[in-house]
Amino acid sequence: MGMTDVLIVGAGPTGLVLACDLARRGAAVRIVDRSPVPPRTSRAKGPNARSLEILDDLGVAEEVLAAGSAPLPMLKYRDRLPVAETDPWADSAPSPDAPYDRGRLIAQWRLEEILRDRLAGYGVRVELGREVTGLAEGPGGRHVDVTFAEGRTERARYVVGCDGAHSSVRKLLGIGFEGATAEDQVMVCGDVDLADGALDRTRWHQWFDEDGAVMLCPIPGTRTGWWFQAGPERDGRGRPLAPTADGFRRLLARHTALPGPALTRAELLSTYRVNVRMADRFRAGRVFLAGDAAHIHAVAGGLGMNTGVQDAFNLGWKLGLVLAGHAGVELLDTYEEERLPVAARTLDLTSERLRATLEAIRRPGGGLDAAITSDTTGLGVGYRWSSLARGHAEAPQAGDGSPDAPDAEVRTARDGERPSPQPGDRAPDAPCLDAVTGARTRLHRVFAGPRTTVLGFGPGSAAVLREVAAAYGDAGVRTCRVYAAHEDRATSAPGEAVVDDEGHAAAAYGTKASDGTGTGTGTPTSTVLVVRPDHHLGLSAPAADARSVHAYLHRLHGAARSGPVRGTVLRHWWTPPVKAD
C-alpha cells in the first residue's frame with residue numbers, strides 16, 4: 001500500500017491553502033472532498049487583510065485582487081428610505097508595515113477556483129466524490145489508515161480534517177465540539193439575481209426594520225448577482241420558515257422599495273443559525289483539525305474562513321519541517337498551543353461584535369459596520385505566549401501565557417513611534433530597495449516562500465548571517481542583511497540584501513539608533529531577528545548573542561551542517577529533531 005505524506009480532507013479555502021503550502025515544500029500531499037463537483041457557493045465574502053498577506057505569499061494575491069472588489073460603503077435604510085451611509089474603511093489606508101489595510105470581496109467559489117489552479121500547478125488535484133468513513137492508527141503509530149465510503153483503505157503519515165462544521169474527521173476521532181446554538185438568531189441566505197439596474201452596485205444595501213431585515217451585497221465578477229441575507233419569514237407560531245425564492249421575493253417587497261419580481265433568480269439557499277463551538281483539542285496523534293472543523297462562531301466580522309486560512313498557514317510549515325526530517329515531531333504540538341487560544345479569542349470577539357451589531361440595528365442608521373473593528377483585519381493576531389516565541393538568551397516572554405496577558409514592550413516608544421514587535425507577533429512589512437538591482441521591493445517579498453528568514457540589522461549582524469548561511473543555507477533558511485540608506489555596503493553579507501532607504505524597516509522592528517540629534521537616523525543597532533515561515537517573529541537578539549540564534553534555528557531546522565558556533569549552548573527549550581517516519 002502506497003503512503004502519502006499528508007491527506008487533507010475537505011477542499012474549501014482552509015484545505016486548499018494547506019495543500020498549496022505543503023505542495024510547494026515538496027511534500028506528497030493529497031486532498032479529497034466528499035462533494036462530487038466543486039461547490040458553487042459564495043458563503044464567505046472574502047479574505048481579510050491578514051489572509052491577503054498569506055495569499056500573497058502563496059502567489060495568488062494579484063489574481064484575488066483582480067477577481068474581487070474593495071469592501072463597499074454601506075447604505076442603510078429604514079421604512080424603505082435611505083437614512084445613512086457609512087464607509088467602515090474611510091479612515092483606513094495602507095501603511096509601510098501593512099500594505100493591505102482591508103480585505104477583499106470575492107465569492108468563495110471564485111477564491112477556491114484560484115487556489116485549485118495554483119495547486120494544479122504543483123501537480124495536485126482535488127479528488128472529488130471521496131468521503132472518509134474510517135480512521136485508524138497504524139502499527140506503532142507511524143501512519144494513519146484512512147477508509148473511504150467506496151471501501152478502499154489508504155495510508156498517510158498525517159491527516160488534516162478541514163471538512164467544516166459537521167466534520168466527519170472530528171466525529172471519527174470522538175473529539176468534543178462544545179458550545180451553543182442560538183435557535184432564535186436565524187438568517188436566510190442565498191445568491192440571487194436582480195433585474196439589471198435595480199440597485200446601485202457600488203453599495204452594500206441594508207434594510208433594518210423593527211419587524212425584519214434584508215441585506216444585499218453585489219457579488220464581484222457578476223453583472224446582476226447579489227448576496228442575499230435576511231431575517232426569515234415565520235409561521236403563525238413564530239417558527240422560521242425554510243428559505244425559498246418566493247419567500248425572498250416577499251421579503252424584498254416588504255422591506256425594500258423594489259418589487260418582488262425584481263428578484264429573478266435565487267439559488268444556494270440556506271438557513272444560518274448562530275453557532276459558537278470549539279473542538280476540545282485540535283490534534284489526536286497524527287490527525288489534526290483546522291478551520292470550521294475545529295471552531296465555528298458568529299458571522300459578525302467575517303472571521304470564519306479567515307481564521308481557517310490562518311490555521312492552515314500555521315500548520316503547513318510545521319508539517320513541512322517535520323516531514324523533511326529537520327524538526328522534531330514535538331514541533332507539531334505548537335499548532336494547538338498557538339491556534340487554540342486564537343480560536344477561543346475569536347469566538348469571544350465575534351460574539352461581542354454580533355451583540356454590538358444587533359444593538360446597532362435597533363436604531364435608524366445602524367448597520368453591519370458595527371461588526372468591523374481593527375481586530376477583524378487579523379493583523380494583530382500573534383503568539384507571544386508560545387514556546388516558539390523566544391527573546392534574547394531564550395528568556396521567557398512577559399505575560400501569563402494567555403493571548404490577553406499584558407505584554408512588556410521591548411523598548412520604550414518615543415515621539416509617537418510604535419513599540420517594536422515582540423517574538424510571536426506578526427512580522428511587519430516594510431518597503432525597501434534590492435541592494436543589488438536597486439529595484440523596489442518589500443520585506444514580505446523577502447519572506448515569501450517556504451523558508452525561515454534571518455534578518456540582520458547593523459554592521460555587527462554580518463558575522464551571524466555568515467554563520468547561519470554556512471550552517472543552514474541548505475536546510476530551508478535564508479539570510480537577509482538590511483542596510484540603512486547611508487550605511488557602507490563594501491563588506492557584503494551572504495544571502496539577500498536590501499536597503500532600508502526610507503527607514504521604514506528600522507522603524508517597524510525597533511532597530512533605529514540615535515545619531516546624537518534624537519532623530520534616530522544613525523547606524524542601526526546590530527540586531528538579528530528570526531522570522532518564521534508564517535511571517536511571525538520567532539526570535540529577536542543582539543547580534544552578539546549568536547548562541548540564541550543558533551539554538552532557535554536548531555529547534556526548527558535540526559543540527560547545523562557545520563555544527564553550532566563555538567560557545568553555543570543549546571538550552572532546555574529546544575528538542576532534538578526526529579526524522580518523520
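**Reading a sheet and a helix pair**

Tutor: This is a predicted model.

Student: What holds the strands of a sheet together, in general?

Tutor: Strands of a sheet pair through backbone hydrogen bonds, and the pairing is either parallel or antiparallel. For a case at residue level, leucine 455 stands opposite leucine 529 in E22.

Student: Which strand does E19 pair with in the parallel sense?

Tutor: E19 runs parallel to strand E20 (residues 477-484), and six bridges join the two. Within that pairing, glycine 456 has arginine 481 of E20 as its bridge partner. Between E19 and E20 the chain passes through helix H10 (residues 462-472), a β-α-β crossover that is right-handed.

Student: How does H10 lie relative to the strands?

Tutor: H10 lies across E19, E20 and E22, and its direction makes an angle of about 160 degrees with E20.

Student: What does E20 pair with in strand E21 (residues 496-500), and over how many bridges?

Tutor: E20 and E21 are parallel partners with five bridges.

Student: What is the strand order of the whole sheet?

Tutor: The sheet is open, has seven strands and mixed pairing, and reads E18-E17-E21-E20-E19-E22-E23. Its edges are strand E18 (440-442) and strand E23 (537-542), each of which pairs on one side only. On average, neighbouring strands are turned by 30 degrees against each other, direction ignored.

Student: Is E19 buried or exposed?

Tutor: Six of the six residues of E19 (residues 452-457) are buried, so the strand is largely enclosed by the rest of the structure. Thr452, Val454 and Gly456 point one way, Thr453, Leu455 and Phe457 point the other way, and all are buried.

Student: How is a pair of packed helices described?

Tutor: Two packed helices are described by the angle between their axes and the distance between the axes. Here, take helix H1 (residues 13-24) and helix H4 (residues 108-120): their axes come within 9 Å and cross at roughly 20 degrees. An angle under 35 degrees counts as roughly parallel, and H1 and H4 are therefore roughly parallel to each other. The crossing of H1 past H4 is left-handed.

Student: Which residues meet between H1 and H4?

Tutor: On the H1 side they are Pro13, Leu16, Val17, Ala19, Cys20 and Ala23. These meet Gln108, Leu111, Glu112, Leu115, Arg116, Arg118 and Leu119 in H4.

Definitions and conventions
Residues are numbered from 1 along each chain as its sequence is written. This is a predicted model: local features need pLDDT of at least 70, side-chain atom pairs count only at pLDDT 80 or more; totals for chains, interfaces and linings use all residues. Side-chain values use heavy atoms; hydrogens and water are left out. Buried means under 20% relative accessible area, exposed over 50%, partly exposed in between (1.4 Å probe, protein chains only). Helices (H or I, at least four residues) and strands (E, at least two) are DSSP runs, numbered from the N terminus. Two strands pair if DSSP finds at least two bridges between them. A crossover is right-handed if, with the strands pointing away from the viewer, the path from the first strand over the helix to the second runs clockwise. Axes are lines fitted to C-alpha atoms, for helices over the stretch in contact, and angles run from 0 to 180 degrees between N-to-C directions. Angles under 35 degrees count as roughly parallel, over 145 as roughly antiparallel, 65 to 115 as roughly perpendicular and the rest as oblique. A crossing is left-handed if the near helix is turned anticlockwise from the far one by less than a right angle, and right-handed if clockwise. Contact means heavy atoms within 4.5 Å.
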